[in-house]
Structure formats: structure tokens, C-alpha cells
Amino acid sequence: MPGPHPTDRNLAALIDGLLSGDSAEQVRSHVRDCPRCQLRIGASGEGLLGDDQSATTEPVPVVILQESVVDLPAPGDVWRLTWDAANILSVIWRVDPDRISVLPILDTADADEWSALLDLEVTGGLGELAVSVAFETAVPWSVLDARVARLADTEALTSLRIAFRSGTPTATRRGDAVRSPLDERLIGLEELTETLSELANAIWAPMPAAATPMSLDFDALIAAGIAVNRALAIVRGASPDDNEADAIQAITGVRPGPHPVDDELRRTIDQPRRKAKIRARAAGNRRDEGSERLALAQEAQPALAAARGTHGAAPDYDTILDRLLNV
């Protein structure tokens, strides 16, 4: 097994083509032989190993569970979490409708006294893992990328988590305590904190805005120079783009903000099975993932509004989004 693992920052730099020379080859060589780092980069790293990888060493095959497209993560699952360049493996601990509590997996070399060391029999073939209970973080569903394994049991994590919260003794196998500000493990733990912060703040849907005195009906939009099809879309619930907002502000003196995204639409967009399609679409449009999800919601909302008026039936969120994403 190659070691030590590249940092998230170095992996992101390699994917983005910002590493060169010996540094790039060193990271690339590690990834060729490391199933865990292959899982960390996922689809973002396609092609980064180079065409000559077979001339040096055979890449280790990484098999993500067939259930990686399931929409419902469960406690005890190991998932890859991804948002733009941030990615990490984590154990799902609690699942709520809008947020998921996760325990991050970190390099065993960075394991402290609040990191449980799990062996191969528990990790479902991922090798020995260190799982931190001190860095438990709530993240949105939008960061769920792929389910890669399932822990055989979570007894060690439960015991260490109780000890961390209550100060009670535990026999859980864990890392050594950090006793000095010069401990090199603090560098890795600081990077982990930054990655978790990025994932926790991956909120893309605008919050409901305060009501404004402006009422935008179809005639007012046409008077502002908005095209007929776009005027209909905005009346039905779509958010105006920047140019349309400029035109409306010039006529009314008030700039319209984006409409809040329907909760059910947001949850449907955030289903993990759509993650890869959304990321590919974002890359094609040269947008970050949050902007792409918002653009997708804006395209879908007029159709949803129209669907609500069709024989009183509820909109078919899945069908509308699958059509927009060419699924």
C-alpha cells in the first residue's frame, strides 16, 4: 500500500492541472496504487493517471457498491461526499430530510484519541480506517456522491462517541492523544476542518425573500421587454436572469430577486443518483455545482407550475428533472 495519502488540496490541484513535474507524478503514482484515493477523487479524476499507467504498475480496481445509486443513505454506510473540489469519505451517522450527520474518515496517520481505528473486517474491504467522532458534521444531501461500502457494525463508533460526549472510559481502539501544538497531525486535522466546512456550507437554494411591493404580471413583463416565453415562465415561478432583472428594474425601480426553490423540487434535485449528471452539466457550462443546481431548479419550476394546473395533479418532479438532465 502506498503512503502517505495526498492532501485534498493536492488531489484537487492534480485534477485541475495545477501540479506539474515531480509533484504531479508523485501524486499520480500514489493514486494509481491506492484504492482509497481513487475513491476520494471519483469521476473527477478520470484521465489523470495518464496513458502510460500500464507501463509502471497495474491500477488497483476500485468497485463501488452496486447500490451506489440508491437515493436513501443509511446509518453505517460509507459514502463519498463531494462539492466542487472538496471530497472526503465519511460514515453516515444520522439521516434527516434535509441534513445528514457524518463522521469523517481521515488518514490513520492523523488519527487522534477521538478517532476509532476500524479493521478490514469492519470496513467492508476498504482496509484499516480511522473515523473521527470529534469532527461529526451535519451536511446537506447535495454533497452525497456515491455509497462505497457499509460497515459490518458501528459498535466501536457508538462507544467512542459516547465517551467523547460524556467523558466516560472506553476500550475502543483509537489513535494517540495530541499533546503538543507542534504535533504534525494537526496539519491534517486542520485540512479536514476546512473540507468539512466547505461541505457543510454547500447550500445552493436561496432562502425565501421578504415580500416586495412589486407585482409582476404578464403585461408588466412584456412592457419591460421580456420575451413572451420568458414572461410566461417568470409568471409561473421562474427566476429572472440578470438581464431580465435589469430590464424589470429599469421599468419598476425594484430589482426582483430569485424565487425560493420549492422544497420538494430541491430535495428531488439533491437525490444522489443525479449527482454525476449535475456535475457533468456544471463542467460543460463552466459553472460551480451550486450555480448549476440553481439553474436547473429555475428551468424546472415553470414546468412544475404548469403541472400543478393540470387536472389538479401534483407535479412529477422525477420525470421533469430526468428530462432536463437527459437521463
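Tutor: Buried here means under 20% relative accessible area, exposed over 50% and partly exposed in between, using a 1.4 Å probe and protein chains only. This is a predicted model: local features need pLDDT of at least 70, side-chain atom pairs count only at pLDDT 80 or more, and totals for chains, interfaces and linings use all residues. Residues are numbered from 1 along each chain as its sequence is written, and side-chain values use heavy atoms, with hydrogens and water left out.

Student: Is Ala24 buried or exposed?

Tutor: Ala24 is buried, with a relative accessible area of 3%.

Student: Where does Ala24 lie?

Tutor: In helix H2, residues 21-33. Helices (H or I, at least four residues) and strands (E, at least two) are DSSP runs, numbered from the N terminus.

Student: And what does Ala24 touch?

Tutor: Leu14 and Leu19, leaving out residues up to four places away in sequence. A contact is heavy atoms within 4.5 Å.

Student: Switching topic: which residues have the most contacts inside the largest nonpolar core?

Tutor: Leu81, Leu199, Leu265 and Ile269, in a core of 35 residues. Such a core is a set of buried Ala, Val, Leu, Ile, Met, Phe, Trp, Tyr and Cys residues joined through side-chain atoms within 4.5 Å.

Student: Which helix gives the largest share of this core?

Tutor: H6, with four residues.

Student: What does Ile269 touch?

Tutor: Trp204, Arg274, Ile278, Arg293, Leu296, Ala297 and Leu321, again not counting residues up to four places away in sequence.

Student: How much of the whole chain is buried?

Tutor: Buried residues make up 44% of the 327 residues.
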